[in-house]
Amino acid sequence: RDNCAACHTPGGPPEVLPVTITITTPDHPARGRPVAFAHPTHRGTACATCHVTPVTLAVSAAVQTCADCHADHHAAGQACASCHTTPALREAHAADVAASHQRCDACHTASTVAMLTPDRSFCLTCHQPQAQDHYPARECTTCHLLATPEAYRPLLRGGSHP
């Protein structure tokens with residue numbers, strides 16, 4: 001089972017595979033969210049690490065959430081926009097732009113919000129046009145919110161702008 005290339009030759013697994021993961025937030029029904037699973041990004045992982053179901057080799061339910069391997073994906077410096085860039089994300093946060101800059105815990109669990117650091121990657125999830133040439137070596141909060149990402153972090157939990 002570890003030599004998947006024995007069966008999956010050049011026409012093997014697709015480079016990018018559309019999959020749906022289930023997202024849950026407090027006080028909202030669970031909903032499916034399409035994501036693009038990139039096989040090349042996971043090239044260093046043995047196929048059988050995820051494809052564990054006997055006979056079909058389907059991925060396990062635990063693996064389908066991605067959190068088994070990416071549990072620390074909310075840590076500072078992660079490329080948030082690499083996964084969190086769907087129209088549904090923008091629609092969910094478009095209702096009140098000011099609130100989206102203040103209270104992540106209005107929709108997300110306190111434990112998830114506690115892991116967030118509003119660094120440049122975090123900001124670029126929504127503000128993608130600024131990714132390339134808008135002061136690429138600087139943190140957004142320093143100029144736009146007059147606080148370092150760490151100083152601004154507590155305001156994601158029910159606070160307001162400094």
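Me: Which residues is arginine 120 in contact with, leaving aside its neighbours within four places in sequence?

Reply: Contact means heavy atoms within 4.5 Å. By that criterion, and leaving aside neighbours within four places in sequence, arginine 120 is in contact with Gln130, Ala131, His134, Tyr135, Pro136, Arg138, Glu139 and Cys140. Please keep in mind that this is a predicted model, in which local features need pLDDT of at least 70 and side-chain atom pairs count only at pLDDT 80 or more, while totals for chains, interfaces and linings use all residues. Residues are numbered from 1 along each chain as its sequence is written, and side-chain values use heavy atoms, with hydrogens and water left out.

Me: Where in the secondary structure is arginine 120 found?

Reply: Helices (H or I, at least four residues) and strands (E, at least two) are DSSP runs numbered from the N terminus. Arginine 120 lies in helix α6, which covers residues 120-124, and the protein chain as a whole has eight helices and two strands, in the order β-β-α-α-α-α-α-α-α-α along the sequence.

Me: Is arginine 120 buried or exposed, and which side chain of opposite charge is nearest?

Reply: Buried means under 20% relative accessible area, exposed over 50%, and partly exposed in between, with a 1.4 Å probe and protein chains only. For charge, Lys and Arg count as positive and Asp and Glu as negative, whereas His and the chain ends are not counted. A salt bridge requires a side-chain nitrogen of Lys or Arg within 4 Å of a carboxyl oxygen of Asp or Glu. Arginine 120 is buried yet has no salt bridge, the nearest side chain of opposite charge being that of glutamate 139, 6.8 Å away. The side chain of arginine 120 does, however, reach the backbone oxygen of glutamine 130 at 3.2 Å.

Me: How many salt bridges does the structure hold, and which residue does glutamate 150 pair with?

Reply: The structure holds one salt bridge, in which glutamate 150 pairs with arginine 153, the closest N and O atoms being 3.5 Å apart. Glutamate 150 has a relative accessible area of 47% and is therefore partly exposed.

Me: Where is histidine 39 placed, and what does it touch?

Reply: Histidine 39 sits in the loop between β2 (31-38) and α1 (47-50). Not counting residues up to four places away in sequence, histidine 39 touches Pro13, Pro14, Glu15 and Leu17. Histidine 39 and valine 16, 23 residues apart in sequence, are 6.1 Å apart in space, C-alpha to C-alpha.

Key: A polar contact is a pair of N or O atoms within 3.5 Å; within protein, one must be able to donate a hydrogen and the other to accept it, and residues adjacent in sequence count only if both atoms are side-chain atoms.
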